[in-house]
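Work through the exercises below with the sequence and the model open side by side.

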Amino acid sequence: MNPFLRLFETPWIWSWLASFIVWFLTIMVTLGASTIGVSQAALTFAAFSVIVGLGQMFVITLGPGNIDLSVPATMTFAGTVALKLMNVENGMILPGLLVTIAIGLVVGLCNYSLIKALRIPPIIATLSMSFIVQSAAIWTNRGLRIKPPSALADFTTSNTLGAPNVAIVALLISILAWFLLEKTIYGRWISAIGQSMPAARMAGIPVDGARLATYLFCAVLASVAGYLLACFSGGAALNMGSEYLLMSIAVVVIGGTAVAGGDSNVPGIWGASLFMFLVVSMLNTYGLGAGIRLIMTGLIIISVIMLAGGRRASIR
Amino acid sequence: MDGIQKAVIAVDGAKVSFGAVKALDGVTLRVMPGECVGLVGHNGAGKSTIVSVINGGLTPQAGSVASDDERLERYGINAARARGVRCVFQELSLCPNLSIVENTRIMHRDLGGFGWRTRAQKIIEQSLDTVFPGHSIGSSRAVGDLSIAERQMVEIAMAFSDAGIAPRLVILDEPTSSLDASLARQMLDHVRRFVAAGGSVIFISHILHEILETSDRIIVMKDGRVVAERPAHGFDHHGLVEAMGTVAKEGTGQRLSREQAAAPPILSHQAEGLSFKAHEGEIIGLAGLAGHGQTELLLALHAAQSGNWRPERDPLVTFVAGDRRLNGVFELWSILRNFSIASLGDLSRRGLILAKEEETKGADWKRRIEIRTPDLHNRILSLSGGNQQKVLFARALATRAPIVLMDDPMRGVDVGTKQEVYKIIREEAARGRTFVWYSTEMDEVRLCDRVYVFREGRIMDELAADAVNETNIITASFSGVPA
Amino acid sequence: DTSAKKIALSNNYAGNSWRQAMLTSWEKVTGEAVKAGVVAAADAFTTAENQATEQAAQIQNMILQGYDAIVLNAASPTALNGAVKEACDAGITVVSFDGIVTEPCAWRIAVDFKEMGRSQVEYLSKKLPDGGNLLEIRGLAGVFVDDEISAGIHEGVKQFPQFKIVGSVHGDWAQDVAQKAVAGILPSLPDIVGVVTQGGDGYGAAQAIAATDRKMPIIVMGNREDELRWWKEQKDAKGYETMSVSIAPGVSTLAFWVAQQILDGKEVKKDLVVPFLRIDQDNLETNLANTQAGGVANVEYTQQDALKVIESAK
Amino acid sequence: MTLRLSSDAMRLVIPALSLTLLLAAVFWLQPRAMSYVGLNLLFNLAVPIALATIAQMLVMAVNDLDLSMGTFVSFIACVTATFLRDAPVTGVLILVGAIATYAGLGVVIHLRNLPSIVVTLGMSFVWGGLGVLLLPAPGGQSPDWVRWLMTVKPPLAPMAIVASIIIAVVAHLVVMRSSLGVLIRGIGGNPRSVERAGWSIVAARGAAYGLAGVFAVLAGIALVGLTTSADANIALRYTLLSIAGVILGGGEFIGGRVSPIGAVIGALTLTLAGSFLSFLRISADWQIGAQGAILIIVLAFRLMLNRVEKREKGR
Ligand SMILES: Nc1ncnc2c1ncn2[C@@H]1O[C@H](COP(=O)(O)OP(=O)(O)OP(=O)(O)O)[C@@H](O)[C@H]1O
Ligand SMILES: Nc1ncnc2c1ncn2[C@@H]1O[C@H](COP(=O)(O)OP(=O)(O)OP(=O)(O)O)[C@@H](O)[C@H]1O
Ligand SMILES: O[C@@H]1[C@@H](O)[C@H](O)OC[C@H]1O
Ligand SMILES: [Mg+2]
Ligand SMILES: [Mg+2]
């Protein structure tokens, strides 16, 4: 088959195609004058969805029923605690980041402990956990918005060679994720677990270890996203993660990752994240009201999946 | 048409290809009322495919299907069922979440209406009682709660059951693979009764003596074609194997008994009944009636030796699954990935997979046990059942684990392949590998150095060396008196 | 005498700084009142998911718990009417504030959200007599407050036709959501002279605009400390001028006193109006100094204040 | 036959026991709840949740998941509070259309082999948008007959209890006893075998979704009867609640293992758990967290009973 046609067999192409079309329609409103602005904004905001989406993707790869609903609460908790700890001092940036990661690890550990100890579906375990984490966030700082250290605020809001710094960070994390999935034993393990847990166990895979690592990874990515988002938007808020519940799931599935597990897809996350931002921007730009905007968003998501779906990508 | 009788089903020149694979290359086959047709062939010969054509699940790209001399243009599942064609598929195909009665409802479309439960119950219980007299399967139990043998019994009974349209042609695709000898006997007896009453049966099995003694006529398939077709008495075991084109090196039978017991055991387990021990280089058989605790012992041995939290650097045990859908294959993956998953530790450095070494090792094993595929990057599901099973074998043997646990792994593997695998097992054992082998086939049990016989979850007896023979095993599995 | 009476606060949402300030004020003021023996208890309850159905269940539980009055910040002005009616039927006094309910048996302490929106455009018309293009940031779609403020803004634009709304996005009263929405639409917008908002979204808008090379328009703020501080920085640096308006979170304490007065047998009109809290260029510093870091500009009420509000409504 | 409970019955015992225990705890904390009025107050909001849970259960029975349940019920609530009251004919047509859309979704999901999670995620935006278009701000009013139905005071047991029993019985008959129910669960268990028996899986999947649509529509109508008005966000939490209810009630995500009676009990349990918490008077900061904790406790209880059951079975 010719390489161009083969491109259309890849599961991620549809999300990219969709976001390109939406991007094009958006910039055409100003006949291209807004190209750079729109592109930079899209990259910036897609970056956060990419980071949480990657974590969610690893979890979804673990197979049916695996989903982490504690992502928003974890983002909020990590953001609020880190900003409170750093207290606007540049010297505290690193300790802040370390605490952020520690929070991710703790939440991930709690999530998996619940799943394992209570043998409950992850969707319920992480939902329960998210309530507790959200309470912890309220308890630690009662919704006060503390500013980020100036160096961090500058870093997260500026560009390097025209590319937003947060997008560069997201890209680096994506490369790491791709590498983990495609090149390491761990990647094979989680894909195997996602296809059949009993078979994975009988093949000698340390199933619990791999699943725990995955929930840890997801929670750490969520907390890092919370840390970056809090710095980027000038302070942490108690509701700052709420958008990212549906978002983290949507970018994974629109990006072409198999919802039934076992088959994940890093480039698709980028396509889907850009798409999710651009479609709202486009509809805003065309001045459509909230109702119409929601309906269009939904229909576009369904159209993308209709185009991309139906053919199960054969993976090697 | 030469006789007075009309063929129940006549397939003429059926051709089916899946991409480049010619699964059927012009197969002509007819089944007359009152006969049992045995269908044999190596793995991937096209047996299951012709079954799909006959039961209407697959429309051949060329050729025709006729029934009672009437050429059927729009032949499909419902047309087949209406003509009394029933099928027991190679893989289990009931709904595990439903009760036996509810499964009966699903299988018989026109059973509906008020009070269907009572009717369905009567139908299936009657059939179970007829095919497997003395069975103890309650029809309100969920299929998922049944043992694998019980499920197969229910499927067979389901195919022979009558809910308005009487079964005329029952296709049995490896129906005895999970049944022990006595249950298989009951089924074969029923097949004879059914045929004697004018019914027709297509019987597919890799257990050749079953075919030889049960069929009236035997059809041998090879690479999508019928290569021989004769009355059953025209074949003997050897002739059949020759016709299939597999060079069956007759097993050397019993191994020379060696001085293993002197060495310290490398694996031991206190199960109920006698305690289990394994020594280096031994082939240990787990025998007894199907589903009496053999698989459980294997799972327990595996669980005790493998870590769920951290990867084992030098795993002591590896496992060959029997129920490959459940705990064998990874369906989304290629053959190569399915093969290498258990030995990734050796195929990687610091967690990074060495792709070249993976390919080399895969190619090596493909050659060694002859996995029939043009390319190891094809999906595992493109292989026939038997070839999938070979991949699982290769997976386990390619590890460094000194102990191989095998859960009735030869289900659906053809005779030629079996002989090859037996040879490999013997070689590996000679090199010091230990095999713990659960098998439902007596021929395989006889290959073992030592055999534990199970009954009702306990080890009842231990047989060694010359004592490993059919009489002793059967005596132990039924009498249940520990030695 | 209300010393044996028990009052409950039913709150639908605690996820932003405004709500947290509201709860803090409640705790502070009612805590003292309980200590002083004015009432027997004043417990606060918040639902987890900001949903009318959940809050209706909460109110029903309060009925079972035997509270004498329920002070209510409602998730929906109408969807709780069933539960509120049940409470009234059980003899319980219901006082709603901020998020008010329409059930006639309940009292309402309302802010004129429409006027809050309209006054923003009026302010802009004074600063920018020539008018120009405006960007509107709305709250959470489908919520009463959002609709009211937005309606007020559009009324204002009708009144001052030199202004034109060229873009409208939903910022959900959250800085980060507002920032994202504004950043997405901004590249496609013509020049804008002003941003009309609902509170909790001004700082996000400022950040999104600052990331481009546009001239900073007049962004109406919403009394959040981060908004006020940003305004102060801009004011000191280049004399930036704007105003800020929102409802004071301390109205919860007014509602508490009103409920207490009703329990005490006082005649109180069903509809009370409180002024919104507005901050201007000249009183920015004082307000900023009185606002907790990361909090919201606030006014708390005493029993006396409440009596004054009740009297003036007669 | 020994006196061993079937796995279906066992699936029920555990949720029923959790509910009983929780109810005992609530009565102990708040004796006032132990009355006709008290029970109604405790459980009336569980009625729409129970209906939504049954709807979700039907989708889960065919191995799918409906992430649009909350927005769909909200949309139906908006229709009920507007059209169904002001223009009943149009209102009924819209509701029928909504059910048909659900059935259509099932068909499309099957034919194009789409992941239900994504399609329903997309639909959740669509229903949400339609809801916002219908009611940009909260409002509308419940039709009188609906209000009457939801506030009726039957003798002996309060409406909430009677309604829950009716829902459980009807759902049980449809899902567990009827041929259609067997077919739907069969698809969840092993679609291939159902297909090989000559059934049209597309039609059955469509029927499962359509039936889910019917129950979800009833949920929306019942909800408006209780709240008297609607808005586009009114039932968003039903998505997760309904999933949790199915699981609490002994259902599973895949394999067609569901229990309608269990699902209703699960919905009642979830509602009751909320009341239990508010009777405990937990500090405001931790009220949200306590909801998580109670879910965990109820599920831990389920596990404990499961263990006991396993041990029983083992011998
Ligand atoms: N759906 C399919 N797609 C691709 N190839 C197929 C498909 N079905 C069958 N084949 C191929 O057709 C050939 C015949 O397969 P078939 O299952 O009929 O063999 P079989 O005789 O039943 O073998 P076995 O004894 O292993 O069951 C095989 O080579 C197989 O790879
Ligand atoms: N999805 C698929 N893609 C490609 N080939 C397939 C697929 N499914 C089945 N086949 C082919 O169909 C054939 C039949 O497979 P089946 O599982 O019935 O095995 P079988 O032929 O009975 O094998 P065995 O006797 O070895 O168990 C196989 O040879 C396989 O190559
Ligand atoms: O209740 C509302 C609060 O949540 C929002 O943030 O600001 C406006 C208030 O009316
Ligand atoms: Mg076959
Ligand atoms: Mg086979």
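**Exercise 1.** In this predicted model, describe the interface of chain A and chain D by its residues, its area and its polar links.

*Solution.* Begin with the residues: 40 residues of chain A are in contact with 39 residues of chain D. Next take the area, which comes to about 3,600 Å² buried between chain A and chain D, with carbon and sulfur atoms giving 82% of that area. Then look for polar links: the count of salt bridges between the two chains is zero, and one residue pair, both at pLDDT 80 or more, is found in polar contact across the interface. On the side of chain A that touches chain D, the helices α5 (93–118), α6 (122–141), α12 (244–254) and α14 (290–308) each supply at least two residues, and α14(A) gives the most, with 13 residues. Finally, sorting this side of chain A by class gives 31 nonpolar, seven polar and two charged residues.

**Exercise 2.** Locate the disulfide of the structure and state which parts of the chain it ties together.

*Solution.* Over all chains the structure holds one disulfide, formed by C:C88 and C:C105, whose sulfur atoms are 2.0 Å apart. The link of C:C88 and C:C105 is right-handed, with 75° about the S-S bond. C:C88 lies in helix α3 (residues 81–89) of chain C, whereas C:C105 lies in the loop between β4 (93–97) and β5 (107–111), so the pair joins parts that are 17 residues apart in sequence. To classify burial, apply the cut-off of under 20% relative accessible area: C:C88, at 18%, counts as buried, and C:C105, at 19%, is buried as well. As a further case, A:C231 is in no disulfide, the nearest cysteine sulfur being that of A:C218, 20 Å away.

**Exercise 3.** Is B:I403 buried or exposed, and which residues beyond its sequence neighbours does B:I403 contact?

*Solution.* First place the residue: B:I403 is found in strand β17 (residues 403–407) of chain B. Its relative accessibility is 0%, and therefore B:I403 counts as buried. Leaving aside neighbours within four places in sequence, B:I403 is in contact with B:I266, B:L267, B:L316, B:V317, B:T318, B:T434 and B:V436.

**Exercise 4.** Describe the setting of D:S142 by its element, its burial and its contacts.

*Solution.* D:S142 is found in the loop between α7 (116–134) and α8 (144–151) of chain D. With a relative accessible area of 4%, D:S142 is buried. Apart from neighbours within four places in sequence, its contacts are D:R85, D:R147, D:V224, D:G225 and D:T228.

Key. Residues are numbered from 1 along each chain as its sequence is written. Chains are lettered from A and ligands numbered from 1 in the order in which they are written. This is a predicted model: local features need pLDDT of at least 70, side-chain atom pairs count only at pLDDT 80 or more; totals for chains, interfaces and linings use all residues. Side-chain values use heavy atoms; hydrogens and water are left out. Helices (H or I, at least four residues) and strands (E, at least two) are DSSP runs, numbered from the N terminus. Buried means under 20% relative accessible area, exposed over 50%, partly exposed in between (1.4 Å probe, protein chains only). Contact means heavy atoms within 4.5 Å. Buried area is the accessible area (1.4 Å probe) that two parts lose on being put together, summed over both. A salt bridge is a side-chain nitrogen of Lys or Arg within 4 Å of a carboxyl oxygen of Asp or Glu. A polar contact is a pair of N or O atoms within 3.5 Å; within protein, one must be able to donate a hydrogen and the other to accept it, and residues adjacent in sequence count only if both atoms are side-chain atoms. Ala, Val, Leu, Ile, Met, Phe, Trp, Tyr, Cys and Pro count as nonpolar, Asp, Glu, Lys and Arg as charged, and the others, Gly among them, as polar. A disulfide is a pair of cysteine sulfur atoms within 2.5 Å.
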